[in-house]
Amino acid sequence: MKTKLSMYYIIMIRKLLPCLFILGCSQAVLAQNEHKMSDTYQLPKDSLVRQKLARWQDKKFGLFMHWGTYSQWGVAESWTICPDDWVTRTGPYSNDYFAYKKAYENLQTTFNPANFNPEKWVKAAKAAGMNYVVFTTKHHDGFSMFDTQQTNYKITDPKTPFSKNPRSNITKEIFNAFRKDNFMIGAYFSKPDWHSENYWWPYFPPKDHNVNYDPQRYPERWQKFKNFTYNQVEELMTGYGKIDILWLDGGWVRPSVTKDNDPQHYNQDLDMARIAKMARSHQPGLIMVDRTVTGEFENYTTPEQEVPDKPLSYPWETCMTIGKYWSYVPDDEFKPSRQLVQTLIKIVSRGGNLLLNIAPGPDGDWNPVAYQRLQDIANWMKINEKGIYASEPVVPYSVGNIYFTRSKTKNTLYAFWLSEKDNVTLPAEVSFPVNNIKRIKKVSLLGNSEKLKWAYQNGQLSIQIPKSLQKSSKLKYSDTFELEY
């Protein structure tokens, strides 16, 4: 994963805080980046893409999964084989980069996630209100979690023990399982490939995360890599059913000068127009997410681990980990359920989507804590989902601990009262401003049938909370007031 910022900013952050590099950018830099994006975002010209993008925006909550052979070591996805100077390696091979990389790539010969059962994930994700999935078909290390014909470094190769499993084509199995339950399907794909001899050419040692030769000096070798990438994307677009999102990571692989004037050390132009044309010929309406590369192929943006403090002027999705790490790490520290629910509320109140990452372990299953977190979210959603789906931001967006959304289909506002503790304890009176509404017809508390007394004057709504609801609310994390007008 990479944040929405330039690679240079990320590397500085990681040098300073190597153990916390996944935390992403600061709010100040996020705001600067948002200002830049508002000037460069391009609405897709294809009407089918615009239609699918609108449907995706109403989904609000998605599942992200980073998974690969690296889960066996419990290390950061791919990055420990990268020679960037912020990277920290541990273990018996850590003192010799080349021995470490060889041992890392040899993880292919022991990867056997026998407990792989995507239907179990579908059930938990669906109950929690998730409506789309994005899966890492290939991360930067180049190990393909699908049956590509372009390389032997893949889940279905005979060297991989799991290749003998009837469900060995993991990407296909995940996509099919989630598609059966009407999830939108997203294919994460890494543009850089650190296993490919045409990206990290063995003639030169790798110097950092970039290609290790100048593509302009060796155009034939770079063309081979471009063809390799094109062919892998085409495999995903033709052999894995209906795909809704192509989620491209590794934004440093781009033309040397792009519209946001962020020059790269080498020109790493993959000819994205050619890839997009091919992909959409097989998958009409495909949403392209060439993240951090502003322009026509970044149909929505992906602030990482952050919640903007105001609505953005273009489609966006916060990608966030359920714990500290993107990939499986033993004893990862999972975010509390209250924090996850309230993060979803804050994101939706700003008009965004939440893509929540849960990393499978080497055995092929999630940490049991992840299932418990999703069940807690599911319990909350059963009562409060009316204010989440098919909603839009509404001024003033939030006031104190209260966050607002508005239904797209009916004259209804929702005010989420966020609790400081897991169990909600409401005050005797809740008061907040309501903009641009002359008359409110009804005020109710979702999940409760008791009538509320309220007054609406000069744009200010005051709700009297009966004692029976103040301390005996069955809800956790947040109550939701429904305002019909």
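## Exercises on a predicted model

What covers the buried residues of helix H6: strand E1 (61-65), helix H5 (118-127), strand E2 (132-138), strand E3 (184-190) and helix H7 (219-239) are all included. Contact here means heavy atoms within 4.5 Å, and helices (H or I, at least four residues) and strands (E, at least two) are DSSP runs, numbered from the N terminus.

Before you start: this is a predicted model, where local features need pLDDT of at least 70 and side-chain atom pairs count only at pLDDT 80 or more, while totals for chains, interfaces and linings use all residues. Residues are numbered from 1 along each chain as its sequence is written, and side-chain values use heavy atoms, with hydrogens and water left out.

**Exercise 1.** Work out which residues of helix H6 are buried.

*Solution.* Start with the cut-offs: buried means under 20% relative accessible area, exposed over 50%, and partly exposed in between (1.4 Å probe, protein chains only). Now go through residues 170-180, which make up H6. The buried ones include Ile-170, Thr-171, Glu-173 and Ile-174, along with Phe-175, Ala-177 and Phe-178. Then step just past the helix: Asn-182 has a positive phi of about 70°.

**Exercise 2.** Count the disulfides in the whole structure, and check how Cys-82 and Cys-319 are placed.

*Solution.* A disulfide is a pair of cysteine sulfur atoms within 2.5 Å. Searching the whole structure on that basis gives 0 disulfides. As for the two cysteines, Cys-82 has 0% relative accessibility and so counts as buried; Cys-319, also at 0%, counts as buried too.

**Exercise 3.** Zoom out and describe the protein chain as a whole.

*Solution.* Begin with secondary structure: 11 helices and 16 strands. The radius of gyration is 23 Å, close to the 23 Å from the globule rule for 485 residues, so the chain is as compact as a globular protein of that length. (That radius is taken over C-alpha atoms, and the rule is 2.2 Å times the number of residues to the power 0.38.) Last, burial: 59% of the 485 residues are buried.
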